[in-house]
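Please keep the sequence and the structure in view while reading.

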Amino acid sequence: MALRLNPSLLGGTGMTSARTRSRMIDRLRQQGISNREVLAVMEQVPRHLFVDEALQHKAYDDTSLPIGYGQTISQPYIVARMTELALGAGARDKVLEIGTGCGYQATVLAQLFKTVYSIERIGALAQRSRQRLAELGVHNARLRHADGSKGIADAAPFDVILFAAAAPISPEHLITQLAPHGRLIVPVGEDAQELALICQENGVWVETRLEPVRFVPLLGGIAQ
Ligand code: SAH
């Protein structure tokens, strides 16, 4: 599939090579990820370019990794799982991510949705991700430095709102920013977290708890 990023960056050698990426894809399949588009995108997006050089050899392992400021890039499985759930919305016009971090999930979503909005509360991460996405040639992601917990009312409605940080309680107030077919995908809880999916069934918003997960917490306010 044609990617919305600069093809000259898709190389890599040794632990960052196409072969290492393809082993990650085999593992995702074994873990139950079956959506072909998700697998095709993650096979190509150079995940190692989203972490510090010293950690690049671990970029395709089945693990989250530090990205500075006490934050982490999510493990490949959870990025794949949330992206698969996002595609379940059916429409692909606008997705909102809360918690840009290093911009990896946003870059994966940018290959599959027309426009990605992503909000990060830590200024330095927002700034670095903005620069990284520009270098990668990802032009359909709009990054904001703000507290994402209120969503973006003036860009609504979204087909999908996806949280990359765990909300203490279900952020039901954001349903007002979803299209009727829209999906809210959110890790909920503090010590014990579960991935929740909120969408309409027969005209009623319903929340389904899917599986245990482990995310950094959603925090209020912004930081430089
Ligand atoms: N999707 C990211 C994962 C980042 S970890 C990736 O692909 O790397 C979660 C991020 O959420 C952290 O960077 C954290 O600073 C951010 N975050 C936490 N609370 C937030 C809030 N209220 N608004 C915006 N970002 C928030």
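**Helix packing and pockets**

Helix α1 passes α2 in a right-handed crossing, a crossing being right-handed if the near helix is turned clockwise from the far one by less than a right angle, and left-handed if anticlockwise. The model is a predicted one, in which local features need pLDDT of at least 70 and side-chain atom pairs count only at pLDDT 80 or more, while totals for chains, interfaces and linings use all residues. Residues are numbered from 1 along each chain as its sequence is written, and side-chain values use heavy atoms, with hydrogens and water left out.

**α1 with α2**

- Helix α1 (residues 18-30) and α2 pack at an angle of about 155°, with their axes 8 Å apart; axes are lines fitted to C-alpha atoms, for helices over the stretch in contact, and angles run from 0 to 180 degrees between N-to-C directions.
- The two helices α1 and α2 are therefore roughly antiparallel (over 145 degrees; under 35 is roughly parallel, 65 to 115 roughly perpendicular and the rest oblique).
- On the α1 side, Arg21, Ser22, Met24, Ile25, Leu28 and Arg29 meet Leu39, Met42, Glu43 and Gln44 of α2, where contact means heavy atoms within 4.5 Å.
- The residues of this contact divide into five nonpolar, two polar and three charged (Ala, Val, Leu, Ile, Met, Phe, Trp, Tyr, Cys and Pro count as nonpolar, Asp, Glu, Lys and Arg as charged, and the others, Gly among them, as polar).

**α2 with α3**

- Helix α2 (residues 36-44) packs against helix α3 (residues 76-87) at an angle of about 135°, with the axes 9 Å apart, and α2 and α3 are therefore oblique to each other.
- Glu37, Val38 and Met42 of α2 make the contact with Pro76, Val79, Ala80, Thr83, Glu84 and Leu87 of α3.

- The largest pocket holds about 600 Å³ of space; a pocket is an open set of points on a 1 Å grid over the protein atoms alone, where a 1.4 Å probe fits, with protein on both sides within 12 Å along at least five of seven lines, and lining residues have an atom within 4 Å of a point.
- Of the 38 residues that line the largest pocket, Thr72, Ser74, Ala164, Phe215 and Val216 are the closest to its centre.
- The second largest pocket, with about 220 Å³ of space, is lined by 17 residues, and Leu49, Phe50, Val51, Gln56 and Arg132 lie nearest its centre.
- Helix α5 gives six residues, the largest share of the lining of the second largest pocket.

Key: Helix = DSSP H or I, 4+ residues; strand = E, 2+ residues; numbered from the N terminus. Points joined across faces, edges and corners; volume = space filled by probe spheres on them.
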